[in-house]
Every structure is written in structure tokens, then in C-alpha cells.
Amino acid sequence: MATIEISRLSKVFKDAKRKSDVVALDEINLEVAKNEFVCLLGPSGCGKSTLLNMIAGFEKPTSGTVTVDGQLISAPGSDRGVVFQQANLMPWLPVWENVAFHLLLRGGQKRERRAIAQRYIDMVGLTGFENHYPSELSGGMNQRVGIARALLMNPQVILMDEPFGALDEQTRMDMQNELVRIWQEHQGTIVFVTHGIDEALTLGTHVAVMSARPGRIREIIPIDLSRPRDITSPQFNETKRHILDLLRSERATQPLETMDHQ
């Protein structure tokens, strides 16, 4: 059985201002197996983030279903950790308390919370920054805190919505390498939204290429490349050209009027 199973899923948004409906997603079928790293890739406005939000339980489908380990998803849950584009840390708390915040909500004692948080702080490479505050850290370091916080919940699934989108190119590449290392160590299942073909091919075990709105799955491409990925290799660039062809064909048929429902 797949860890994540999405069946005939559609999402329609009500546009009250224009008194019309906007079909964001249409008949999405997708299966993600345990320990896979699936990147959702597609044009702006194609519904990538909407799809991720429905796996997270933040949004409800108009029709169709999302299940995780056979359980129907209707609300957020601790079996799914979420990492957003902005880390959304609490600026008044140091790193370790941001990471351990979920344990505080459960009433854990300070010594226990700190000991558990330390494991994940070490895992994301922030050893020595436990008592620093978010304002004292770089963007990439704050994202590491967000990843550590998601990992601490020990979720079966981690959902990531363009978490490196606001970072500079070098930091983004460093974070991509770090995320692959963490994923290999943590042995979790990841669904990762990205606009970048290189990023998808660097990270994913599979790339799900989506159509322009209404979003559909155009093709699911297995990425059979050794790690670390060599972005100059013929196989990498052959796959990149194939994805570019898919996206160009979408751009050619995309209507001029778009809504920013991602």
C-alpha cells in the first residue's frame, strides 16, 4: 500500500467577486510510496501548493480523497510535518525551544524537551546554535530550524512548500544537499513543491509534472540518478530537456487570464 494515495481529487474555489468558480485541480491521481521523495513541479498557479495543503489537511477537496497509510485525511495531524517557504519561527524563543515547541504543547518537562530537541538540532547541522534567536541566524539556518521542528514530531510524511525559494543560489544548493542527507538519515517520505527543474532533479526520487490550471498530473518521472546528483551529466540534462518540453507545451496552451491559486 502507498504511504500517500490521492484518488480522483479535484478542488474548486469560489470566486465571489467575479461570481464564478475556479477549478484549481482536476482529477488528480497520485501514489507516493514509503521513503520516496516526490517533487511537484509545474507552472505558477497550477495548484501545487493547493495539492500539498490538502495532503496536510489544511484544505478540503471538492471531490476525491487523500489518504495517508490508509487513513482518510480531513484535518492536520502529527503524522504529517509541514515546512513552509518562511520558517515561521517564534522570534522570542531560542533555537532549541522553537524546535521543541510541539513537546511544550504536550506538557513535556524542560530537561526532556531539550534532550529530544538536541538530537534534531544535531541532525540539521545547528549544533552550537541552540541558544541563538531567529534574528541572529541566516535564512538558511532558520529553515534548518523549521525542518528540525517538523522532524521532531516524527511524522511519517514531510510536506515542503518551496522551503528554499527565498534563499540565494549558493545557500539553496547547500540546503538541498543537507536535505538529501537528512532524508536519507531520517528515512521519511517527502512531498516537495518547487518551481525549479534543477531543484526537482537534484532532490527527487520522482518528479510529478503538473499541467497549467486546472492542475492535472501530466507525467510522473522516476529519477534514476546516483547521488550526489551531477547536474552536468548527460542523463540529468536529457531528463531536464524532457521536463522543459512538457512545461513549454503547457505554456503554449495556457490562457492569458490566471489566478494565483498555487
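**View 1. Elements and residues around the largest pocket of the predicted model.** Three elements each supply at least two residues of the lining: helix 6 (169-186), strand 8 (189-194) and helix 7 (197-203). Helix 6 gives the largest share, seven residues. The space in this pocket is about 460 Å³. Its lining comprises 23 residues, of which Met173, Gln176, Asp198, Glu199 and Thr202 are the closest to the centre. By class, the lining of the largest pocket holds eight nonpolar, eight polar and seven charged residues.

**View 2. The second largest pocket and its lining.** About 210 Å³ of space lies here. The lining consists of Ala56, Phe58, Pro76, Gly77, Arg80, Gly81, Val82, Phe84, Gly146, Arg149, Ala150 and Met153. Strand 6 (80-83) and helix 5 (139-152) are the elements that give two or more residues to this lining. Seven of the lining residues are nonpolar, three are polar and two are charged.

**View 3. Helix 4 (residues 110-123) and its buried residues.** Arg113, Ala117, Tyr120, Ile121 and Met123 are the buried residues of helix 4. Their cover includes helix 2 (95-99), helix 3 (101-105), helix 5 and helix 6. Residues three or four places apart in an α-helix point the same way, because there are 3.6 residues a turn.

**View 4. Span of helix 4 and the glycine just after the helix.** Just after helix 4, glycine 125 has a positive phi of about 80°.

Conventions: Residues are numbered from 1 along each chain as its sequence is written. This is a predicted model: local features need pLDDT of at least 70, side-chain atom pairs count only at pLDDT 80 or more; totals for chains, interfaces and linings use all residues. Side-chain values use heavy atoms; hydrogens and water are left out. On a 1 Å grid over the protein atoms alone, a cavity is a set of points where a 1.4 Å probe fits but cannot get out, and a pocket is an open set with protein on both sides within 12 Å along at least five of seven lines; lining residues have an atom within 4 Å of a point. Grid points are joined across faces, edges and corners, and a volume is the space filled by probe spheres set on the points. Helices (H or I, at least four residues) and strands (E, at least two) are DSSP runs, numbered from the N terminus. Ala, Val, Leu, Ile, Met, Phe, Trp, Tyr, Cys and Pro count as nonpolar, Asp, Glu, Lys and Arg as charged, and the others, Gly among them, as polar. The expected span of a helix is 1.5 Å times one less than its number of residues. Buried means under 20% relative accessible area, exposed over 50%, partly exposed in between (1.4 Å probe, protein chains only). Contact means heavy atoms within 4.5 Å.
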